[in-house]
Amino acid sequence: MTRLKARLAKSPNPFGKALFAILTKDHLSESDWEDVEDTLLMADVGAEASEQLVKQLRDDARITGQKDPAAVRRGLRQRLIDLVDPNMDRTLAATRPQANRPSVIIMVGVNGTGKTTTAGKLARLFVADGKSVVMGAADTFRAAAADQLETWGGKVGVPVVRSDRDGADPASVAFEAAERAKNDQADVLIVDTAGRLQNKANLMDQLGKIRRVIEKNLPVDEVLLVLDATTGQNGMIQAQVFAQAIGVTGIVLTKLDGSAKGGIVISVQRELGVPVKLVGLGEGPDDLAVFDPESFVDGILGDE
Ligand SMILES: Nc1nc2c(ncn2[C@@H]2O[C@H](COP(=O)(O)OP(=O)(O)O)[C@@H](O)[C@H]2O)c(=O)[nH]1
Ligand SMILES: [Mg+2]
């Protein structure tokens, strides 16, 4: 958690810091309030949430007339935490005790967002926690995709179920992976999928089939939608399509290390009603953090 905070504080122009700088000015003019709103919009907080926050901050400023920087900071911090919503349940189903069966996680999302990388990092987290993991390479478009997952498997000591053929049926790989996880009495199964699908019907068809064949052996506990934080509103549109194609239980926001647009945490949760559970902070095996609203807000507010 402190890691999340430390990494975000290093990101270019964390937007909380920019807001704080405006709010502690001596006299806040109309144009300052516009700057507050622009700062939020540019950070991908989303129009509705930005408008709501500006209104709250204006009320706060009017009611308290507070100019003491420490008090302004406290107020802003609390408003931001409320906006990120500390009440959402962000625990991964796989960390809850299951009735003697593997918990199943399916990774979904557009090509290049970080699904395979996150699957590998996640496997590492579970292994570090003493859990046994099986991964399934249900991205069968290119052999390279399965190779990439296999490399991660080797790195973290986790078996990977794959097909040797390009273009094999992803559902059959998912089926075999579930069977293997069940037979091995693994604690967690992570299934990687492909993002390159032509249209929504095709996507629904394919993801639905993957889910159904896994369910012949094991219930699916978690569908993690992987979103690239640097893609902004484009990413939001993609998120909607996936949410409609397959029920999403959590969001992984990757590449937060390379983005000042951390506000997408707020907009994507609002749009989908699903919590951000994990964030990617780099390409390395340890660059995955559990999402925590307070650490996130402290990170984007920068140092005191
Ligand atoms: N900086 C950064 N790069 C990431 C992160 N997650 C993934 N990547 C990189 O993004 C690229 C695409 O990742 P990949 O897992 O292959 O995406 P996939 O197509 O969704 O499976 C790779 O170069 C990853 O190393 C992250 O959190 N931060
Ligand atoms: Mg991949």
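**Helix α6 and the shell around ligand 1.** In this predicted model, helix α6, which spans residues 115–128, gives the most to the shell around ligand 1, contributing four residues. The shell holds 17 residues in total, and those that come nearest to ligand 1 are Gly112, Lys115, Thr117, Asp257 and Glu283. Sorted by residue class, the shell around ligand 1 divides into ten polar, five charged and two nonpolar residues.

**Polar contacts to oxygen atoms of ligand 1.** A backbone N or O atom of Gly112 lies 2.7 Å from an oxygen atom of ligand 1, and Gly112 is also among the residues that come nearest to this ligand. From Gln148 it is a polar side-chain atom that lies 2.9 Å from an oxygen atom of ligand 1, whereas Gly280 places a backbone N or O atom 3.3 Å from an oxygen atom of the ligand. Of the 580 Å² of accessible area that ligand 1 has on its own, the protein covers 79%.

**The contact between domain 1 and domain 2.** The domain assignment gives domain 1 as residues 2–84 and domain 2 as residues 96–294, and the centres of the two domains, taken over C-alpha atoms, are separated by 33 Å. The contact takes 20 residues from domain 1 and 26 residues from domain 2.

**Area buried between the domains.** About 1,900 Å² is buried between domain 1 and domain 2, and carbon and sulfur atoms give 56% of this area. On the side of domain 1, the residues that lose the most area to domain 2 are Leu4, Asp44 and Val84, which together account for 35% of what that side buries.

Conventions:
Residues numbered from 1 in each chain as written. Chains lettered and ligands numbered in written order. Predicted model: local features only at pLDDT ≥ 70, side-chain atom pairs only at ≥ 80, totals over all residues. Heavy atoms only, no water. Near = heavy atom within 4 Å. Polar contact = N/O pair within 3.5 Å; in protein donor to acceptor, adjacent residues only side chain to side chain. Areas by Shrake-Rupley, 256 points an atom, 1.4 Å probe, with all protein chains shown as cover. Helix = DSSP H or I, 4+ residues; strand = E, 2+ residues; numbered from the N terminus. Nonpolar A, V, L, I, M, F, W, Y, C, P; charged D, E, K, R; others polar. Domains from an automatic or database assignment. Contact = heavy atoms within 4.5 Å. Buried area = accessible area lost by both parts, 1.4 Å probe.
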